[in-house]
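Welcome! Take a moment to turn the model around on your screen, and then let us walk through it together.

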Amino acid sequence: MATFQSVAVIGAGAWGTALATVAARAGRSVTLWARNAEHATRIASTRDNPRLPGVRLAPEIVVTSDLAQASRVEMLLIATPAQHLRGAVNMLASHITKPVPIIACAKGIEHGTHKFMTDVIAEAAPHALPAILSGPSFADDVARGLPTAVTLAAKDEALASSLVQALGSPTFRPYHSTDIRGVEIGGAAKNVLAIAVGIAVGRKLGASAQAALTTRGFAELTRLGRALGARSETLTGLSGLGDLILTCSSPQSRNFALGLALGRGEQPSAGKLAEGEFTAPVLIELAASQNIEMPVSEAVASILSGRSTIDAAISGLLTRPFKAEE
Ligand SMILES: NC(=O)C1=CN([C@@H]2O[C@H](COP(=O)(O)OP(=O)(O)OC[C@H]3O[C@@H](n4cnc5c(N)ncnc54)[C@H](OP(=O)(O)O)[C@@H]3O)[C@@H](O)[C@H]2O)C=CC1
Ligand SMILES: O=C(CO)COP(=O)(O)O
């Protein structure tokens with residue numbers, strides 16, 4: 001089984017910083033790459049990243065903005081926002097001349113192409129061995145060493161298992177899988193559904209509505225997943241149901257918090273990345289192309305685009321025809 005001793009994390013936001021900490025805790029030699037040279041220098045000297053406040057970066061983590069240096073490793077993790085993953089991998093591609101695992105850690109679907117993250121990696125860096133890491137894991141919890149479990153999928157099971165060995169520790173437990181698509185669908189869709197549930201909570205629709213909306217959201221995530229070939233154990237696993245439960249139940253989630261603010265009629269906090277906002281339009285385009293009904297996601301997309309008011313969207317969902325549960 002291959003061992004991966006050196007790891008680079010591309011993207012020094014909250015998640016990239018937490019993942020660098022995870023890899024260091026697992027005993028890897030870690031480089032964290034920030035696109036901005038000034039940020040890299042500041043993080044390297046203060047050992048503190050304002051994108052993940054209160055977390056001290058381990059002294060052995062090298063922070064750099066030099067991509068050539070960062071890419072001289074045995075495995076890479078990409079932790080940029082989903083819509084910037086292609087740009088980051090394009091920059092890396094000229095440095096990747098032999099098969100190297102590149103793990104997508106972003107949750108989303110690319111605008112315009114409807115491509116999932118590992119497809120983007122395969123296209124942009126043909127030598128890469130694409131993989132995906134996703135599951136219920138807030139950066140802050142992960143960085144502080146609170147127990148978390150995620151799914152890590154690659155096409156080749158032995159590779160997925162080696163990557164798990166390289167990153168896993170008692171407080172960060174990846175489960176390996178070969179169902180890349182299933183993992184990607186869960187991570188992308190749950191962010192959109194969390195906005196819906198946040199809106200319902202913000203509108204004070206009650207705990208019963210919160211549970212109902214989360215469950216019906218899971219039904220539509222599952223419908224799309226099945227249509228795209230995902231395995232049911234993945235959809236009910238950590239990267240599907242697990243992450244949906246986390247994100248739809250906690251204001252610690254930026255997607256839930258965005259919905260909460262919208263539901264309360266407040267201004268959402270500026271500068272916080274809520275991937276569901278970007279995923280919603282492309283998710284419903286993808287669903288339509290597969291003839292899959294995703295009414296909750298459609299309601300979120302129509303609210304975010306201004307095509308519908310919150311009250312009209314809620315009323316639209318509540319007056320849908322009664323039907324068999326599936
Ligand atoms: N935070 C979390 O708890 C988790 C997040 N994720 C996923 O991880 C992804 C990143 O989220 P998160 O880290 O929280 O977001 P942040 O907003 O904290 O950070 C995003 C980082 O990406 C960098 N970046 C943006 N564009 C580019 C680019 N073109 N090239 C290189 N770097 C770029 C930003 O750089 P700069 O600082 O210069 O702007 C920033 O450091 C999202 O898809 C999210 O869903 C997954 C699991 C947990
Ligand atoms: O993906 C996450 C937890 O698994 C983080 O959720 P938010 O992006 O909504 O904060």
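## Around ligand 1

In this predicted model, ligand 1 is surrounded by 22 residues, and the closest of them are Trp15, Arg51, Ala139, Arg254 and Glu275. Which classes do the residues of this shell belong to? Twelve are nonpolar, five are polar and five are charged. Both domain 1 (6-178) and domain 2 (181-319) take part, each giving at least three residues to the shell around ligand 1.

Now look at some individual atoms.

| Residue | Part of the residue | Distance to an oxygen atom of ligand 1 |
|---|---|---|
| Alanine 12 | backbone N or O atom | 3.5 Å |
| Glycine 13 | polar backbone atom | 3.1 Å |
| Arginine 254 | polar side-chain atom | 2.7 Å |

How much of ligand 1 does the protein bury? Taken alone, ligand 1 exposes 900 Å², and 88% of that is buried by the protein.

## The second largest pocket

Let us move on to a pocket. The second largest pocket holds about 700 Å³ of space, and 25 residues line it. Nearest its centre are Leu213, Arg216, Val296, Leu317 and Leu318.

Which helix supplies the largest share of this lining? That is α9, with six residues. The helices that each supply at least two residues are α8 (180-202), α9 (207-227), α14 (295-305) and α15 (310-318). By class, the lining of the second largest pocket has 19 nonpolar residues and six charged ones, with no polar residues.

Definitions and conventions: Residues are numbered from 1 along each chain as its sequence is written. Chains are lettered from A and ligands numbered from 1 in the order in which they are written. This is a predicted model: local features need pLDDT of at least 70, side-chain atom pairs count only at pLDDT 80 or more; totals for chains, interfaces and linings use all residues. Side-chain values use heavy atoms; hydrogens and water are left out. On a 1 Å grid over the protein atoms alone, a cavity is a set of points where a 1.4 Å probe fits but cannot get out, and a pocket is an open set with protein on both sides within 12 Å along at least five of seven lines; lining residues have an atom within 4 Å of a point. Grid points are joined across faces, edges and corners, and a volume is the space filled by probe spheres set on the points. Helices (H or I, at least four residues) and strands (E, at least two) are DSSP runs, numbered from the N terminus. Ala, Val, Leu, Ile, Met, Phe, Trp, Tyr, Cys and Pro count as nonpolar, Asp, Glu, Lys and Arg as charged, and the others, Gly among them, as polar. A residue is near a molecule or strand if one of its heavy atoms lies within 4 Å of it. A polar contact is a pair of N or O atoms within 3.5 Å; within protein, one must be able to donate a hydrogen and the other to accept it, and residues adjacent in sequence count only if both atoms are side-chain atoms. Accessible areas come from the Shrake-Rupley method with a 1.4 Å probe; for residues, only the protein chains shown count as cover. Domain bounds come from an automatic or database domain assignment.
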